[in-house]
Amino acid sequence: MAAAHGHMGVHIKAYIGVFMALIFLTVVTVGVSYLHFSHGMAIAVAMFVATVKGGLVAAVFMHLNNEKKVIYWVLGLTAVLFLLLISIPMMLLCH
Amino acid sequence: MSSHDSHAQGHHEMGFIRKWVFSTDHKVIGIQYAVTAMLFLLFGFFLILMLRWQLAHPNTAIPIIGGFLPESWANGGVMTPDFYNVIGAMHGTIMVFLGVVPLSVGGFGNYLLPIQVGAQDMAFPKLNMASYWVFFIGGVIMFASFFLPGGPAANGWTSYPPLSVVAQNGQTMWLLGMVFLITSSLLGSVNFIVTGVQLRTKGMSFFRMPLFVWAQLVTSFLLLLAFPPLEAAGVLQLMDRVFGSSFFLPSGLIVSGEKLTVSGGGNPILWQHLFWFLAHPEVYVLILPAFGIVAEVIATNTRKPIYGYQTLIYSMVFLGFMSFFVWAHHMFMTGMGTNLSNFFQATTMIISVPSVIILTTLLLTLWGASIRYTVPMLFALAFLPMFAIGGLTGLPLGLAAADIHLHDTYYVIGHFHYVVAPGTLFGLFAGVYHWFPKVTGRKTNVALGKLHFWISFLAINGVFFPMFFQGMAGVSRRLYDPMVYAHVAHSQGLTVLSSYCSFILGAAQFLFLANIIYSAFKGKKVESDNPWESTTLEWATATPPPHENFPTPLEVFRGPYEYGLTPKGYSPQHLQEA
Amino acid sequence: MIVIPYVDKPHPLTGVTNAKFGIWLFLASEVMLFGALFSTLIILRTGSANWPLGSTELNVPLATINTIALITSSVTIVLAWASLKMQQIGRFRVYMALTLLLSAVFLVIKYFEYTHKFEHGHFPSTSTFFAIYFTMTGLHGIHIIGGMIVNAYLMGPGSAMWKKNPEQFTGRVECAGLYWHFVDLVWIFLFPSFYLL
């Protein structure tokens, strides 16, 4: 039982750590928005920070840093199709 | 079985409602899906028969039925143009979303997938029940839309904006119905994939699974990942219709001579991209289960292994994957520009390859086979050249230059009906006749079955083959009165031929209905659990299969199509001795 | 009696339980759902001549509070699961209650945001900006409500399973957590997309 606690203790430290990071990154992203970067730069920075935050949630909270292959395969396929969806705006510019 | 008892655990007696209405047994759910779907198929077919009358005899009262239709639909018994559009939209919607997919996936898939992998039920039986009832609600919504004052949706099964947004008809109910149907599909696909991967019995490795299971798994991935964009698009169109947003309404749109008072700024082509993102994979959802059924029937009735079992699997998987990358071949005429057209043209040509491989391997299986010309086999055999015609006629449509001439003509109608009607539907008939003895414990009438086959086969070709010539001659789709345009009136002989063949086709289905309804209750009982001497696990159960399918878990010792390798002639998967 | 295997123990080949596999498949479909909507946002924004700056139309401070609330609720729900792994059912209930509380805060703030917009005559019909704003945050909100219902069930009547099958119950809470983290993830992208750009 103590071993189980200990094992979970490592995880809980990670969860709290990620929580701090997420709050910090939230402050950063809101703060940066007041700096009024150029249009493209603002989007790039905001999406970059969001991706880091999302990545932390996915990797640590959702345990994706240590998941099974079958889940990785499903998500890999989904990622490819998601990119395809996001390419539709570019396609619409061709019309 | 006590009808007052409402316990639901273990082997306690379950009430009628719990056992047959709100059942979590995949077999009961499969039959519920199948019966509901067949009723919708009949309804969708009935609709188009009325339309075929209008085409063959424009502006003439529809016999008998015309008198019963409301004036807004049949003015003095003559179909109105508005009703024509209703039928156009609802026939397609009903056949695809309420008929074929619920039958092939919800019906056949639900009933057979757990049994063929050796499981006692689906991974999530309650979710399975929920997915049927969500489908049922979607069906009720679609059916109820016929009773709206403005009638049901009449904007094509494709519901293109701006028309679908400004239309004063049951389009909103169509969208709501679709939300339910899509949700049902999503829940079902999760169940199928988890069951197929996790609940396989001992010895049932992936490369020992029947092709029917593989087909259902690929289909489930398509449903899971391709439907959500249409659900999103449906929500957006609902927002446009109900809350006055302009997702799909461009600025400055004029309707009936007046400028629309909306914000504008939307894009109708966005709907087309999102719709076809689903609707192209959807057509592979329509065909894949039929490939699976045809493979099972051919294996059983040729008494030899399926040629190229692994090749078939890789082809189906590749087909499923590629199906996501071809959608805009439905949009060649939207001004996409050559770069985009070239991309989708190339992917479309690539995707024809696995289809050809699948057909070829099934065809090669017939070489040197000891063919049993049973009723299911007749349908499975006919499937091959019919799907070939459907597939080949798709090629000019997938080439952007040829599509300029053929888009929105009867050629397209001929193409897609060949793949779905004498294609998928024949595959489904094969499946009904093939598994009927296992589900009911009785045999169908062979003479009636053969008559059903031959009349249907000849009639269905009579309906759809002429359409290729009409399309090439420039006859457009969705024309209410063929006599209005000279070039259309010119081929009226073919139109009449199509229509009368469709009436004969309709009549032939009564043979089918009479056969299965009578046989289900009064047909000759089967003498064995495995009357076709087949190898796959569904034939190892009692007849009909008990609630838990396999009271003692089976072990699998070999692949699914080991025929003709022993004196006995077939080696069931679950028997240790070949 | 139907026996479904791999409900509380993982499958030897895949290493996951049925529920874990199932919830990830469902989340994959949700990625495609929100992906289509993000795609729509990009299309509408790039196609618009006068897309407003988020901060001029929307309340950034309130949304920032909402972001922090949702991130915190993600922590509390994973701690709820961790409590179960450490056999602490009491702690589980506390963390689940916190998750529900934070979710309610999110929804209440959203309610005030929406009513404020309506009072100022901003509706989905006003512009494509508001159309996609209301649609995406609205759909996200519906997902929050759905998650809250599941979480409340697991905290309440559903927790009876802890006595009969603790592994299966822990698995259920993990799956509910995965869904909840996904809802948080969507917001992590929604927030800057609408409010900060």
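Here, buried means under 20% relative accessible area, exposed over 50%, and partly exposed in between (1.4 Å probe, protein chains only). This is a predicted model, where local features need pLDDT of at least 70 and side-chain atom pairs count only at pLDDT 80 or more, while totals for chains, interfaces and linings use all residues. Residues are numbered from 1 along each chain as its sequence is written, chains are lettered from A and ligands numbered from 1 in the order in which they are written, and side-chain values use heavy atoms, leaving out hydrogens and water.

Let's start with the salt bridges (a side-chain nitrogen of Lys or Arg within 4 Å of a carboxyl oxygen of Asp or Glu). There are seven of them over all chains. In chain B, B:Lys443 pairs up with B:Glu527, with the closest N and O atoms 3.4 Å apart. B:Lys443 sits in the loop between α13 (410-440) and α14 (446-472), and B:Glu527 in the segment after α16, so the bridge ties together parts that are 84 residues apart in sequence. B:Glu527 is exposed, at 68% relative accessibility, whereas B:Lys443 is partly exposed at 29%.

Over in chain C, the side chains of C:Lys20 and C:Glu174 form a salt bridge at 3.5 Å, N to O. C:Lys20 belongs to helix α1 (residues 18-46) and C:Glu174 to helix α7 (residues 166-196), so this pair ties together parts 154 residues apart in sequence. Helices are DSSP runs (H or I, at least four residues), numbered from the N terminus. C:Lys20 is buried at 13%, and C:Glu174 is buried at 16%. A:Glu67 joins these two in a network of salt bridges.

Conventions. Helices (H or I, at least four residues) and strands (E, at least two) are DSSP runs, numbered from the N terminus.
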